[in-house]
Amino acid sequence: MGKTSTSSMFNLPGKFAWFIMEIWGAIFVLYHMNTLPDRVGLTEPLPWQNKFMAGLFCLHYFYRALLFPLMQPSMADM
């Protein structure tokens with residue numbers, strides 16, 4: 001879609017659509033990092049290295065979802 005899309009009632013504003021598309025990556029990682037030890041039956045918490053890498057991943061996706069659209073002058077409807 002993007003710049004080649006036609007006018008439709010289903011189009012979303014570009015920045016909002018970009019946010020909705022990108023935020024799920026961080027949400028799923030945070031959800032699974034918080035529920036994994038309980039579901040797998042781990043008695044010890046996850047190592048700090050796992051949490052650190054998940055934090056870097058989430059930081060990257062929060063940048064992609066929140067800051068990147070705000071820095072763009074305009075985005076076409078999607």
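1. Leaving aside its neighbours within four places in sequence, with which residues is Met-75 in contact? The residues are Gly-14, Lys-15, Trp-18, Phe-68 and Pro-69, where contact means heavy atoms within 4.5 Å. Met-75 itself lies in the segment after helix 2 (48-71). Its C-alpha atom is separated by 4.8 Å from that of Gly-14, although Met-75 and Gly-14 are 61 residues apart along the chain.

2. On the basis of the note: this is a predicted model, in which local features need pLDDT of at least 70 and side-chain atom pairs count only at pLDDT 80 or more, while totals for chains, interfaces and linings use all residues. Residues are numbered from 1 along each chain as its sequence is written, and side-chain values use heavy atoms, with hydrogens and water left out.

3. On the overall architecture: the chain has two helices and zero strands. Helices (H or I, at least four residues) and strands (E, at least two) are DSSP runs, numbered from the N terminus. Among contacts between residues at least 6 apart in sequence, 77% join residues at least 24 apart.

4. On burial and surface: of the 78 residues of the chain, 18% count as buried. Buried means under 20% relative accessible area, exposed over 50%, and partly exposed in between (1.4 Å probe, protein chains only). The accessible surface of the chain comes to about 6,100 Å², and 69% of this belongs to carbon and sulfur atoms. Accessible areas come from the Shrake-Rupley method with a 1.4 Å probe; for residues, only the protein chains shown count as cover.

5. On the salt bridge: a search of the whole structure finds one, the term denoting a side-chain nitrogen of Lys or Arg within 4 Å of a carboxyl oxygen of Asp or Glu. The side chains of Glu-22 and Arg-64 form it, at 2.9 Å from N to O. Because Glu-22 lies in helix 1 and Arg-64 in helix 2, the pair ties together parts that are 42 residues apart in sequence. Glu-22 is buried, at 8% relative accessible area, whereas Arg-64 is partly exposed at 28%. Not counting residues up to four places away in sequence, Glu-22 touches Tyr-61, Arg-64 and Ala-65. Helix 1, which holds Glu-22, comprises residues 14-40.

6. On aromatic pairs: a search of the whole structure finds three. Rings of Phe, Tyr and Trp (its six-membered ring) pair if their centres lie within 6.5 Å; planes under 30 degrees apart count as stacked, over 60 as edge-to-face and the rest as tilted. The rings of Trp-18 and Phe-68 have centres 5.3 Å apart and planes at 40 degrees, so this pair is tilted. Trp-18 belongs to helix 1 and Phe-68 to helix 2, so the pair ties together parts 50 residues apart in sequence. Trp-18 is buried, with a relative accessible area of 16%, and Phe-68 is partly exposed at 25%. Both Trp-18 and Phe-68 are also among the contacts of Met-75.

7. On the nonpolar patch: Leu-30, Phe-62, Tyr-63, Leu-66, Leu-67, Leu-70 and Met-71 form a nonpolar patch on the surface, with about 670 Å² of accessible area together. Patches are made of residues with over 30% relative accessible area and no salt bridge; like charges are joined within 9 Å, and nonpolar side chains (Val, Leu, Ile, Met, Phe, Trp, Tyr) within 5 Å. Helix 2 gives the most to the patch, with six residues. Leu-67, which lies in helix 2, is partly exposed at 46% relative accessible area.
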